[in-house]
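Here is a friendly walk through the overall build of a two-chain model. Take a look at it first, and then we can go through the numbers together.

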Amino acid sequence: MTNTSFPLSNSLRSGPDDRGRFGIFGGRFVAETLMPLLLELDEAYRTAQADPEFRKELDYYLKDYVGRPSPLWFAQHLTEELGGAKVYFKREELNHTGSHKLNNVMGQILVARRMGKTRIVAETGAGQHGVATATVCALFGLKCTIYMGATDVERQKPNVFRMHLLGAEVKPVTAGAGTLKDAMNEAMRDWVANVADTYFLVGTVAGPHPYPEMVRDFQSVIGVEVKEQITQAEGRLPDVIVAAIGGGSNAMGIFHPFLDDSSVRLIGVEAAGRGLDSGKTAASISRGRPGVLHGNRTYLLQDKHGQIEEAHSISAGLDYPGIGPEHSWLNDIGRAEYVGVTDDEALEAFQVCTRTEGIIPALECAHGLAHVMKIAPAMAKDQIIVLNVSGRGDKDIFTVAHHLGVKL
Amino acid sequence: MSRIQTRFAALKKEGRGALIPYLQACDPDYDTSLQLLRAMPAAGADLIEIGVPFSDPSADGPTIQAAALRGLKAGATLGLVLEMVRAFRETDSETPIVLMGYLNPIDSYGPAEFCFDAAQAGVDGIIVVDMPTEEADLLDAHAREAGLDIITLVAPTTSNSRLFHVLREASGFVYYVSITGITGTNSASAADLEKALPRIREATDLPVAVGFGISTPEQARTASRIGDAAVVASALIKTMASTLENGQATEQTVPAVLKQLEGLAAAVRA
């Protein structure tokens, strides 16, 4: 039987269903006030998708503003040092604003403009999504409010300043541990209070339907390019794709175009924090169980009574107790594997990458690299790993210096 | 007839709307909130809403967020909230009790087990803030089987056609979230309510409770007359919070809240 004879529903890429579900995960768990807006957004997104003008407009901005396509770099020195599989980097850190976040933000801002919205709210963890959002708001002259946990404001000062320069209002959130989860709550509260003119620009493949699907679609440009680039470079698909996961947008973007290519192993790397069993972790799939938060059913870090627990990671971008619902589903059906990498392992990988390739990766992708460093040596030299280097690490140098005992 | 139906029918005969005060379970501790709960009917509560503390109350303003945190700190769990209702029912078999909270604690407890245990404990209705009609099949059948009403929320953003859709199988009463926003912030004006209520009544014969942003006796009176009930939450919690010392209850805590409740009740009954 050839691939083309499969009905569409046999593809792993056909989700979500019309209730916004991937298996049991996903859905639309929001207050009634927001429900009509989600239905309106869903309709606006379908209309945009079907409109060739929308695609044309997005392609224009992706090419000339974001700077796509991003290169696929053969990391030769790192490969030699590891002594096993060939390691390639998908260089999303070279995008404008320094991460993969702008792919999604550019898509959604065009949808928001079509819907006639004049004000944008967004949540941010490391500040990468906040910076990307503030950037397009500057470009299109829209009002912009970014919610950021107070802890994250402290550890990501350069990004906070960037957002200010771009004209955004940054509101520190002191509730909870002052991280991404709390920023998400506060952004939702703002949205519900300002539904008439405000668009909630979600930064990851989580939240109520249609966000997980829409963000995935906009990020899939990463995987689509990798497929073409690796075929050109190696004449075949990679054996393994590795990406770090907080909410999971860079991972979903690189995984999705490969879901039906069963020879390609997909590995998502969660932040294990101080260790998977330390109680100080952000590994939702490895240490959580399914529940409902922020509009979707997914794996969550929670206690036995269903109260959400605080996540912990050295990386502000991974410091979230949930994960996108499609990842939860890919885990349960066994199509993707999810592993944990600790703060210390990520710090080590951060330095190795910088030293061997001259690329300072974001602490988020250093988690992915740490896993590559674990598996590559045991693989054959003709095998291929692609790592999504989803962001640059300039924003993290203060955190890294602190952990290395260096005073800047 | 359910306790909720009986109560609204009786109030209709009296020719007035209901006052529904809210308290957060275990805020600031189990004993104080049970004491308050037990005293509320005599102070003028016609129905009572009990908030189930949740770590991430994304539809609530700062006042209820803080109350939820105090409740959790005091050891609140869904099981303990049911125990509190059981204790209340020892002395009151008539005042309807409605639990208000978020889905995850219920999901974690188990939807079927929760509906059964809640009904057994003496709960009459449940409001699940983050469970719109589109996701309500998770609880609907279990609630119906247990004899619990799932109280449907409608909002200013709910269109006329959607009102018919979401209220088709509603029971108990309808909760009108009278502002687009979070609890305890803005208030709807009488004119807003005069415009909204006929829209809702077109789609349902159930009583309509008005909530979010009702704090003064005057507002409670207006809401209970244009609608069929007024829910007062943040205003009572603010009063309670102002009596706490280092987060602990004081001698003033229960009397202060009851005094405010009496003032609200007098306005609703005037």
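Buried residues (under 20% relative accessible area, with exposed over 50% and partly exposed in between, using a 1.4 Å probe and protein chains only) make up 64% of the 408 residues in chain A. This is a predicted model, in which local features need pLDDT of at least 70 and side-chain atom pairs count only at pLDDT 80 or more, while totals for chains, interfaces and linings use all residues. Residues are numbered from 1 along each chain as its sequence is written, chains are lettered from A and ligands numbered from 1 in the order in which they are written, and side-chain values use heavy atoms, with hydrogens and water left out.

Chain A has 16 helices and 14 strands, counted as DSSP runs (H or I of at least four residues for helices, E of at least two for strands). Its radius of gyration is 20 Å, close to the 22 Å from the globule rule, so chain A is as compact as a globular protein of that length. That radius is taken over C-alpha atoms, and the rule is 2.2 Å times the number of residues to the power 0.38.

Chain B holds twelve helices and nine strands, and 61% of its 270 residues are buried.

| Chain | Box (roughly) |
|---|---|
| Chain A | 60 × 55 × 50 Å |
| Chain B | 50 × 40 × 35 Å |
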